[in-house]
Amino acid sequence: MRHAAHNRSGGICPWRTTTALAITGALLLTSCGGAGSAEENGVEVDEDHVGRGAMEDFGVGDTFVATEPVDISVLYRNNPDHGLDEDWMFFEQLEEEHNVSLSLVDAPLSDFEEQRSLLIGAGEMPDYVPVTYPGQEVPYLGGGAVLPVSDYLEYLPNFTDKLDQWELWDEFDALRQEDGKAYMLPGLREDPFYIFSMVVRGDIWDELGLENPETWDELADQLREVKDAYPDVTPMSDRWELQSTLNIASANFDTVAGWGYGQGLYFDHENDEFIYAGASDEYRDLVEFFAGLVEEGLMDAETMTQDDQMAEQKFSAGDSFVIGGNDESTTIYHRGFEELGTEGAEARLIPIPGGRDGDFVHSGARTDSGLMISNSVADEDDFLALLQFIDWLYYSDDGLEFATWGVEGETYERDEDGAITLGEDIDLNSLHPDAEEHLLRDYGFHNQPFMHAAGSLTEFVHSGLRPHVIEWQESMQHKEERPVTPAYPFTDLELEQLGLWSTSLTDHVQTATAQFILGQRSVDDWDAYVAELESLNMQSLVDMANEAYERAQEQIEEQAEEQGEEQGEDDA
């Protein structure tokens, strides 16, 4: 790709109202005259020249068609489940209807992250890299390889319109780094989308007259009832070494754990400061809950060590009745029931249980993997065309429909009510399990590198799901998200120190968590455990995070003050 950017705006950002600007000062650090603007970064501004391939007028609702052919290089995450076929209709349509050719740098799923690191480290980053999760861009910032996309938001009308409509500015601003800039575009969802929860033996629950548990405490009570009815069965035997379950449960204990533990830093909104999650009273409550399940014989002690196949086999054989999972997992469990002859068994995905003080999930259910853009493209003639293409394909309703479902009349139809229906001879997510063709494997649509957040719009997401999955998703829409963690960007030097401290701390927390839950260490020993964390620089890590947070807040206030002064001058 060869690109050049041209900032034609002035004054107040056309994509943002002053009322919304007042909500989060960090938003002022954009290309609309705030710190680090495109003009200040040396990007040439030429109002008479749009750039090769770019549309002169491109806004929300416009279909991107390059005014002349453009070629864009992409790091393609090649999933062996569907592979890569450069003759897919997806690529043909882009070239024939949109004047865009994609040059794919093929990276197998098994070492995608390694290939990404090698290419960026060698200065050979493709024009953009999809399937990048928030935080994964940070290691590449020091070398200047990644474009500060927040400097170019005015050229991404569909992206910013989605942030406005879906009230996702806080999530985007949480991606800003120490310089106030964001370096990735996240995938966005209209509504929260949940993947993991608990799977119960629905037939056993029906037999005992049990409903979906409202809280984790109620789930524990149900496990007791199951144990009474089936004394030879250990009701719960989890997979993923309990890491998924700890993650989804932690929101209702007001902490983070398991897969979501991260650096162990948790923002206490009430006291406006970061704390170390693994040393908190809330984390202790979480650990005590699961330790109690093991102590009562309600959860298998092998949960923390067994591999997934062992956990699946126990569930499918009727040796346990509760396991972690998702919709895909339930299909696997049902296959296991058939293979082992467990007649009448049902694997039922239940809503995530709530807590004692509410019904919460962690924030982030409306964002997903996104993309990084190479910083080098800002010097090229068709830079603006690249931005317009990305904005159209990943964030416009039209582009999302194309990437998700393909071509109307060929791969999908709309019924008289406007609902999308997949062609009867094409399968996706077992919608048409007997179909001879597959939307992704045969056509290239519904492919993660080209449709972040599984379609983004709720209509598109639900169109690809079986009815019981939609029902499960809708059963959790009432849940309240924990507030978004504010930005606390570290300097390069702090990031190096963070890596050293957080690794040792996290390893110790994970080891101790397993010991507490399995009864190998008494929770009465909690104070000694916290002292061990303190000896591993826990407080230094927390202090560094709070200092970074305070710096970010000061920067926000300064920019808000500057913007207020500029607005006052404009009004005058």
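Are Asp203 and Arg201 buried or exposed? Both residues are buried, where buried means under 20% relative accessible area, exposed over 50% and partly exposed in between, for a 1.4 Å probe and protein chains only. The model is predicted, so local features need pLDDT of at least 70 and side-chain atom pairs count only at pLDDT 80 or more, while totals for chains, interfaces and linings use all residues. Residues are numbered from 1 along each chain as its sequence is written, and side-chain values use heavy atoms, with hydrogens and water left out.

Asp203 and Arg201 are joined by a salt bridge of 2.8 Å from N to O; the term stands for a side-chain nitrogen of Lys or Arg within 4 Å of a carboxyl oxygen of Asp or Glu. By this rule there are 24 salt bridges. One of the pairs is Arg224 with Asp221, whose closest N and O atoms are 2.7 Å apart. These two residues sit three residues apart in helix α7 (residues 216-229), about one turn of the helix; helices are DSSP runs of H or I with at least four residues, numbered from the N terminus. Arg224 is partly exposed at a relative accessible area of 30%, and Asp221 is partly exposed at 42%.

Another salt bridge brings Glu532 and Arg521 together at 2.8 Å, N to O. This pair links distant parts of the chain, with Glu532 in helix α17 (residues 526-535) and Arg521 in the loop between α16 (492-518) and α17, 11 residues apart. Glu532 is partly exposed, with a relative accessible area of 26%, whereas Arg521 counts as buried at 14%. Finally, a network of salt bridges links Asp206, Glu346 and Arg348.
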